[in-house]
Amino acid sequence: MRTAYGVETVRATERQLMARLPEGTLMQRAAAGLAVASADLLGRVYGSRVVLLVGSGDNGGDALYAGARLARRGAGVTALLLAPERAHAGGLAALRRAGGTTVHSPAGGRAAGATEGAADRPAGGSASDPAERPAGGPAGPTAAEVLIERADLVLDGIVGIGGKGGLRPDAARLAEAAERSRAAVIAVDLPSGVDADTGQVHGAAIRADLTVTFGTHKPGLLIDPARDFAGTVRLVDIGLDLPEEPALEALQHADVARLLPVPGPESDKYRRGVVGIAAGSARYPGAAVLAVAGALHGGAGAVRYVGPAGDAVLARFPETLVSDLGPAKAGRVQSWVVGPGAGDDAATVAQVLEADVPVLIDADGLRLADRDTVRARTALTLMTPHAGEAAALLGVARAEVEGARLSAVRELAARYRATVLLKGSTTLVAAEEGAVRVNATGTSWLATAGSGDVLSGLAGSLLAAGLPARDAGSVAAYLHGLAGRYAADGAPVGAQDVAKAIARAWRDVRD
Ligand SMILES: NC(=O)C1=CN([C@@H]2O[C@H](COP(=O)(O)OP(=O)(O)OC[C@H]3O[C@@H](n4cnc5c(N)ncnc54)[C@H](OP(=O)(O)O)[C@@H]3O)[C@@H](O)[C@H]2O)[C@@H](O)CC1
Ligand SMILES: Nc1ncnc2c1ncn2[C@@H]1O[C@H](COP(=O)(O)OP(=O)(O)O)[C@@H](O)[C@H]1O
Ligand SMILES: [K+]
């Protein structure tokens, strides 16, 4: 399991640990890991040009100490100080001792002569005073921008977990320069400008190739839009003693393998669970077919279908048990999936919600389900909206949900007293309490009509097989994401291809 902890927890565990260790130990551990990652990315440290973006907190301190280590190995290291008088004193001294130089960044001096002796000074050159550097003519890029432009590597130590709100203008300009530069960019702890706890991004942020994060992943590193800014994430262990329950967790192959329902010698189709699919309409029979396709690959022993698309379902999947008596009289099931392609059939949704078995509500069903009825259910409910559906349920704009996925999914779980799976580039699964699951196995090729129907059938089938809602949702998202990757393999796919590839995802996970 990959886990992520919020800032408050990180701060608390850091305090405990620091009380037992000599001062500065944690920062040295962080800086050592950062320097190793930097060297790995550079390939050749000697002679490389490294620029440090240094804010006034400990995040800047990490960058300065790592810069000092790189300077000792022969890199030309220049620190751009956003607030020279407040930059980490120990880090500054270490960098200078190692031969690195410093430039006062926000003075905004134009480039003219300012870069010589800064970017081009080899390691071992004498240190300069922070305030000495602003210089240059009236137009063109600032000295800081030229340094960034010419760098091989930029270390972003502007701000870490101490960040509040969007980047301030001086910092935002550095982030933009780093994005324009061809230099590799490493974010220290997290990309400056992203919210560590939520994954929200307010305005400009550092776009990193690699994020070297300390002690634990932060939730924001795993949730879009911030995740997209973090690049590859490398975790450096600094010895934090973290509590049992994280804020966020991501299943890995081994976790999914343990959760998959596998038939034993005593199994029969009923013991494995029967999933009922109440989906499709005369207008959208395909949604029924795709939900059934997903369900057949989900681990239930049988799939029962009720609704107006029985012929279409049977033509494609003769193994389906089809009924036209409606959910209440269709025969026993261990879970229901309701909603994909359902149109305006509110009566079917209401009938399903009365069943005393786990229910998955998707697509049209989300709009048609009465909130108080869902809240009052005693059996499990799993809701699977995409951002647009979630926005409609919350009464906000879609962009608001996409920008703040974590709070949106938590809010829905609370309002409906249900487990909610919010689909999209990062899928989140939240119950009313406990860690939120995040899934990142997917690919944007999955953004194809009907792939959500496959997911709902798959997750419904896992519910029928006995998985709790959080596990059913997150295991389904995991398999569906992998299946999407296998089916697409770099080319467009249809939802049917995704359903077919679920079997390969199972095998892969179980291997
Ligand atoms: N936890 C651990 O175990 C370990 C933590 N370590 C490291 O410490 C880091 C946390 O350090 P931290 O607490 O000093 O805060 P940090 O992230 O540097 O930010 C504070 C500075 O940023 C500024 N600032 C704020 N918002 C801003 C904005 N929007 N735009 C621009 N600037 C903004 C703010 O300015 P102020 O508000 O004071 O004017 C203040 O000066 C952590 O991420 C990790 O790297 C490791 O060394 C070892 C173990
Ligand atoms: N950009 C993306 N990256 C990864 N997965 C995505 C992306 N966009 C959509 N998906 C996935 O594709 C599926 C689409 O579901 P949905 O929006 O309900 O489509 P439909 O209603 O057409 O079936 C979901 O599983 C979602 O998580
Ligand atoms: K940073």
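**Sheet, helix and ligand shell**

Reader: Which residue in β8 does Thr211 stand opposite?
Author: This is a predicted model, where local features need pLDDT of at least 70, side-chain atom pairs count only at pLDDT 80 or more, and totals for chains, interfaces and linings use all residues. Residues are numbered from 1 along each chain as its sequence is written, while chains are lettered from A and ligands numbered from 1 in the order in which they are written. Strands are DSSP runs of E, at least two residues, and helices are runs of H or I, at least four, numbered from the N terminus. In β8, Thr211 stands opposite Val233.

Reader: Over how many bridges do β7 and β8 pair?
Author: Two strands pair if DSSP finds at least two bridges between them. β7 covers residues 210–214 and runs parallel to β8. The number of bridges is five.

Reader: Which are the edge strands of the sheet?
Author: The open sheet has seven strands, in the order β4-β3-β2-β5-β6-β7-β8. An edge strand here pairs on one side only. The edge strands are β4 (101–104) and β8 (232–236).

Reader: At about what angle does α2 run to β7?
Author: Axes are lines fitted to C-alpha atoms, for helices over the stretch in contact (C-beta atoms, placed from the backbone, within 7 Å). Angles run from 0 to 180 degrees between N-to-C directions. Helix α2 (residues 25–42) lies across β5, β6, β7 and β8, and its angle to β7 is about 160°.

Reader: Which helix gives the most to the shell around ligand 1?
Author: α1, α2 and α3 each supply at least two residues of this shell. With five residues, the one that gives the most is α3.

Conventions
Two residues are in contact if their C-beta atoms, placed from the backbone, lie within 7 Å.
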